[in-house]
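Morning, everyone. Have the sequence and the model open, please.

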Amino acid sequence: LWRPRVAATCKHFAAYSLETNRFNFSANIHYQTSRDWNDTYLPAFDACIHAEHFLRSSLRLHHHGNDENSESVGKGSDDGDDEGGGLGALGVMCSYNSINNIPSCANPQLLQQKLRQEWGFNGYVVSDCWAINNIHEHHHYANSYEEAVDLS
């Protein structure tokens, strides 16, 4: 059974591109129709966790599928059932900000629907340093620190 010795983590998931007001900023985005959401914020994360698709197509383009190295990319992970889902990142770090007033680290539409269900990600999700604390203290989304942990 193949096991990675190094794991990459994609961060800061998602709609996070500023350094001022970052602990309580809310990116207000319509998930289904927003060009910012689908064309700006998500593609880098999709590519990061599905890097195997990029690597395979890139090697096919460079080697025209005839080089034995193009077949070695993803060996042992073709079924997509290994930890993390293949040759993409094994982790995702949720960001400090909120999306539509729901903190990223407590956002089921972001973490369960998009990441787990739509993208099939089965790796780990970690919070940024104070992101769980911010769910209660800065976003005022949870009534206590314990509830913030429970929501994340």
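Start with Ala14. Ala14 sits in the loop between E1 and E2. Helices (H or I, at least four residues) and strands (E, at least two) are DSSP runs, numbered from the N terminus.

Ground rules next. This is a predicted model, where local features need pLDDT of at least 70, side-chain atom pairs count only at pLDDT 80 or more, and totals for chains, interfaces and linings use all residues. Residues are numbered from 1 along each chain as its sequence is written, and side-chain values use heavy atoms, with hydrogens and water left out.

Back to the backbone. The peptide bond from Phe13 to Ala14 is cis, with omega near 5 degrees. Another cis peptide bond links Lys11 and His12, with omega about 0 degrees. His12 belongs to strand E1.

Then look at phi. Asn100 has a positive phi, near 55 degrees, and is not a glycine. Asn101 also has a positive phi, near 65 degrees. Asn100 is in the loop between strand E4 (98–99) and E5. Asn101 lies in the loop between E4 and E5. Why flag these? Most residues other than glycine have a negative phi, and most peptide bonds are trans.

How exposed are those two asparagines? Our cut-offs are under 20% relative accessible area for buried, over 50% for exposed, and partly exposed in between, with a 1.4 Å probe and protein chains only. Asn100 is partly exposed, at 25%. Asn101 is exposed, at 54%.

Now the disulfides, meaning pairs of cysteine sulfur atoms within 2.5 Å. How many does a search of the whole structure find? The search finds 2. Counting bonded cysteines along the chain, the pattern is 1-2, 3-4.

Take Cys10 and Cys48. Their sulfur atoms are 1.9 Å apart. Cys10 is in strand E1 and Cys48 in helix H2, so this pair ties together parts 38 residues apart in sequence. The S-S torsion is about -95 degrees, so the disulfide of Cys10 and Cys48 is left-handed. Cys10 is buried, with a relative accessible area of 3%. Cys48 is partly exposed, at 26%.

Next, Cys94 and Cys105. Here too the sulfur atoms are 1.9 Å apart. Cys94 lies in strand E3, and Cys105 in the loop between strand E5 (102–103) and H5, so the pair ties together parts 11 residues apart in sequence. Which hand does the bond of Cys94 and Cys105 have? The torsion is about 100 degrees, so the disulfide is right-handed. Cys94 and Cys105 are both buried.

One more cysteine. Cys129 is exposed, at 58% relative accessibility.

On to the core. By nonpolar core I mean a set of buried Ala, Val, Leu, Ile, Met, Phe, Trp, Tyr and Cys residues joined through side-chain atoms within 4.5 Å. The largest one has 28 residues, and Phe13, Ala14, Trp37 and Leu115 touch the most other members. At least two residues of this core come from each of strand E1 (9–13), helix H2 (43–49), strand E3 (91–94), helix H5 (108–118) and helix H6 (131–137). The general background: in soluble globular proteins, nonpolar side chains tend to be buried together.

What does Leu115 touch? Contact means heavy atoms within 4.5 Å. Leaving aside neighbours within four places in sequence, Leu115 contacts Phe13, Ile49, Val92, Leu110, Gly120, Phe121 and Val125.

Finally, the serines. Ser104 sits in the loop between E5 and H5. Ser104 is buried, with a relative accessible area of 0%. Beyond four places in sequence, its contacts include Phe13, Ala14, Cys94 and Leu110.

Ser26 is in strand E2 (residues 26–27). Ser26 counts as buried, at 17% relative accessibility. Its side chain makes a polar contact of 3.3 Å with the side chain of Asn28. A polar atom of the Ser26 side chain also lies 3.4 Å from the backbone nitrogen of Asn100. Not counting residues up to four places away, Ser26 touches Ser98, Ile99, Asn100 and Asn101. That brings us back to the positive phi values of Asn100 and Asn101.

Methods
Polar contact = N/O pair within 3.5 Å; in protein donor to acceptor, adjacent residues only side chain to side chain.
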